[in-house]
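Here are my notes on the model, as numbered points. Please read them with the structure open.

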Amino acid sequence: MDAVAAQAQESGAIALLDEVDKALADGKYAEARAALEKLKTQYPNSSAAAGAKALEDKIAQEEAAARSGGAGATSKAAADKVSKEYYALLKSLIGKVAGDKSFTMDDCREYLDKVLPGELMDKLAARLKMERAALEEQWKNRAPADTRQASYGDGSWIVAGKDPSRLSDEAESGGGLEDFKKQKEQQKAIEELRQKAQDNKNYKPQTEADWWTAANAVKRASWLEAAFVEQHLKVVEVRYKNCGGCGGSGVVVSPQTQFCRRCEGLGKEKIVTYQ
Ligand SMILES: [Zn+2]
């Protein structure tokens, strides 16, 4: 065999060897075997063909390992990996859309509802080299050890409204008559303040668009994450924390009695715990 023919043998064999490696990395064992078979028949004199037996063994070994791992002991680890990657990808995609100034709030919500769920699964399937159906099954059956939190922050009023009396009252009902009386007095005082704030014509309420325009990318991302998980993931708990601007009443008295600029009168931040 002349040098040119030998050279052609080698490069042809190397291309097939690459195919074997790639198929193996993707867990496609039948394809790996087929490429190896081709290599042996088409380029029997190549140096790659000389190592064919060792490669055959390697394919068999990896296939056996994948079989025993897939169904049993490592399926929990595999499911954990899916969850971990999902949350990371969710954060990164939401971060991207939140940071893009060309999108309005409505644009982002539309993307969250119509595009993101499918995009997440497609990208995750590619990243983990899994079939989408198998991936969705694993995701559906997830049971991550830890939960995660997202907050609507000072944009909570957009989803929870501006009236805190609509929220479930979680004030502790311990104590006795004295505490009960104090509580009632406090409620009455806040009601009076809220009425004053209501009558204050100098206060111009924020619109959703105002909030969106003023919010930075981090605030927007947190808001969008909370909205997405409420719609599409498993919500473990919803709770409300007092607003840092007004302490929970929704009203400030200085320099004049008006609804709190930070929470728009809601007095709370809505926090969603999810899996
Ligand atoms: Zn407030």
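1. Surface. Accessible areas here come from the Shrake-Rupley method with a 1.4 Å probe; for residues, only the protein chains shown count as cover. On that basis the chain has an accessible surface of about 16,100 Å². Carbon and sulfur atoms hold 53% of that surface.

2. Ground rules. This is a predicted model, where local features need pLDDT of at least 70, side-chain atom pairs count only at pLDDT 80 or more, and totals for chains, interfaces and linings use all residues. Residues are numbered from 1 along each chain as its sequence is written, and side-chain values use heavy atoms, with hydrogens and water left out.

3. Overall form. The chain has 11 helices and 5 strands. These are DSSP runs numbered from the N terminus: helices are H or I with at least four residues, strands are E with at least two. The radius of gyration is 30 Å, well over the 19 Å that the globule rule gives for 275 residues, so the chain is more spread out than a compact globule. That radius is taken over C-alpha atoms, and the rule is 2.2 Å times the number of residues to the power 0.38. Along the principal axes, the C-alpha atoms fill a box of roughly 100 × 45 × 25 Å.

4. Of the 275 residues, 37% count as buried. Buried means under 20% relative accessible area, exposed over 50%, and partly exposed in between (1.4 Å probe, protein chains only). Contact means heavy atoms within 4.5 Å. Among contacts with a separation of 6 or more, 75% join residues 24 or more positions apart.

5. Zinc site. Which residues coordinate the zinc ion? They are Cys243, Cys246, Cys260 and Cys263, each through SG, at 2.3 to 2.4 Å. Donors are N, O and S atoms within 2.8 Å of the metal (3.2 Å for Na, K and Ca); water is not among the atoms, so sites may look incomplete. The spacing of the donor residues in sequence is C-x2-C-x13-C-x2-C. Cysteine 246 sits in the loop between β2 (235–242) and β3 (251–252), and cysteine 263 in the loop between β4 (258–259) and β5 (268–274). This pair, 17 residues apart, links distant parts of the chain.

6. Zinc geometry. The 4 donor atoms subtend angles of 103 to 115°, which makes the arrangement tetrahedral. Cysteine 246 is buried at 15% relative accessible area. Cysteine 263 is buried too, at 3%.

7. Backbone points to check. The peptide bond from serine 254 to proline 255 is cis, with omega near 0°. Proline 255 is in the loop between β3 and β4. Lysine 129 is not a glycine, yet has a positive phi of about 55°. This lysine 129 lies in the loop between α6 (105–128) and α7 (132–140) and is exposed, at 52% relative accessibility. Glutamate 264 also has a positive phi, near 60°. Glutamate 264 belongs to the loop between β4 and β5. Is glutamate 264 buried or exposed? At 2% relative accessibility, glutamate 264 counts as buried.

8. Leucine 24. This residue is in helix α1 (residues 3–25). Leucine 24 is buried, at 6% relative accessibility. Leaving aside neighbours within four places in sequence, leucine 24 contacts Tyr29, Ala32, Lys58, Ile59 and Glu62.

Key. Tetrahedral: all angles 85-135°; square planar, octahedral: opposite > 155°, others 65-115°.
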